[in-house]
Amino acid sequence: MTIWVDADACPKVIRDILCRAAQRVECPLVFVANHLIPVPASPWITARQVASGFDVADDYIAQQVQAGDLVITSDIPLAAEVIEKGAGVLSSRGEQFTANNIRQRLNMRDFMDTMRASAVEVRGGPPALGERDKMEFANALDRYLAKHRR
């Protein structure tokens, strides 16, 4: 299993949790972003810088991911694509996206896009990552790794 991270919008604190986990369980971890992501010196951790552009990092991850891998992203279309390939998905808040819940997420995302395109004011995004969110992510990652490590 390789852990792929959609790192363009992944908070640093989540990247740090992922680095510690990858080293602890000796699992390959790949950060993918259109800018340089500093990573600790480790045989388990790498960063791939892709060209700038809309969804370039997402497309790279979707091309590289294999069944059994884990993807860390909050991007719903990317999550749907990698789930179809047999990969697992966790958001940076610790929510697991699955074949059972991704369709509902895609529908909500499409609805919100339609609302924004209709000039309906849609305010805000998710709140800032708090301590509880960090703990929920770390716990979800630990549970996932314990269940899916070969």
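Among contacts in the protein between residues at least 6 apart in sequence, 51% join residues at least 24 apart, a contact being heavy atoms within 4.5 Å. The model is predicted: local features need pLDDT of at least 70 and side-chain atom pairs count only at pLDDT 80 or more, while totals for chains, interfaces and linings use all residues. Residues are numbered from 1 along each chain as its sequence is written, and side-chain values use heavy atoms, with hydrogens and water left out.

The protein has five helices and six strands. Along the sequence they follow the pattern β-α-β-β-α-β-α-β-β-α-α.

The six strands form an open sheet in the order S3-S2-S1-S4-S5-S6, with mixed pairing. Two strands count as paired if DSSP finds at least two bridges between them. At the edges are strand S3 (45–49) and strand S6 (96–97), each of which pairs on one side only. In general, strands of a sheet pair through backbone hydrogen bonds, either parallel or antiparallel.

S1 runs parallel to strand S2 (residues 29–33), and four bridges join the two. Within this pair, Ile3 stands opposite Leu29 of S2. Between S1 and S2 the chain passes through helix H1 (residues 12–25), and this β-α-β crossover is right-handed: with the strands pointing away from the viewer, the path from the first strand over the helix to the second runs clockwise.

S1 also pairs with strand S4 (residues 70–72), again in the parallel sense, over three bridges. Here Val5 stands opposite Ile72 of S4. Further along the sheet, strand S5 (residues 88–90) and S6 pair in the antiparallel sense over two bridges, and Val89 has Phe97 in S6 as its bridge partner.

Two helices can now be placed against the strands. H1 lies across S1, S2, S3 and S4 and runs at about 150° to S2. Helix H5 (residues 131–148) lies across S1, S4, S5 and S6, at about 165° to S5. Such angles run from 0 to 180 degrees between N-to-C directions, with axes fitted as lines to C-alpha atoms, for helices over the stretch in contact.

Of the 150 residues of the protein, 39% count as buried.

Key. Buried < 20%, exposed > 50% of the residue type's maximum accessible area, 1.4 Å probe, protein only.
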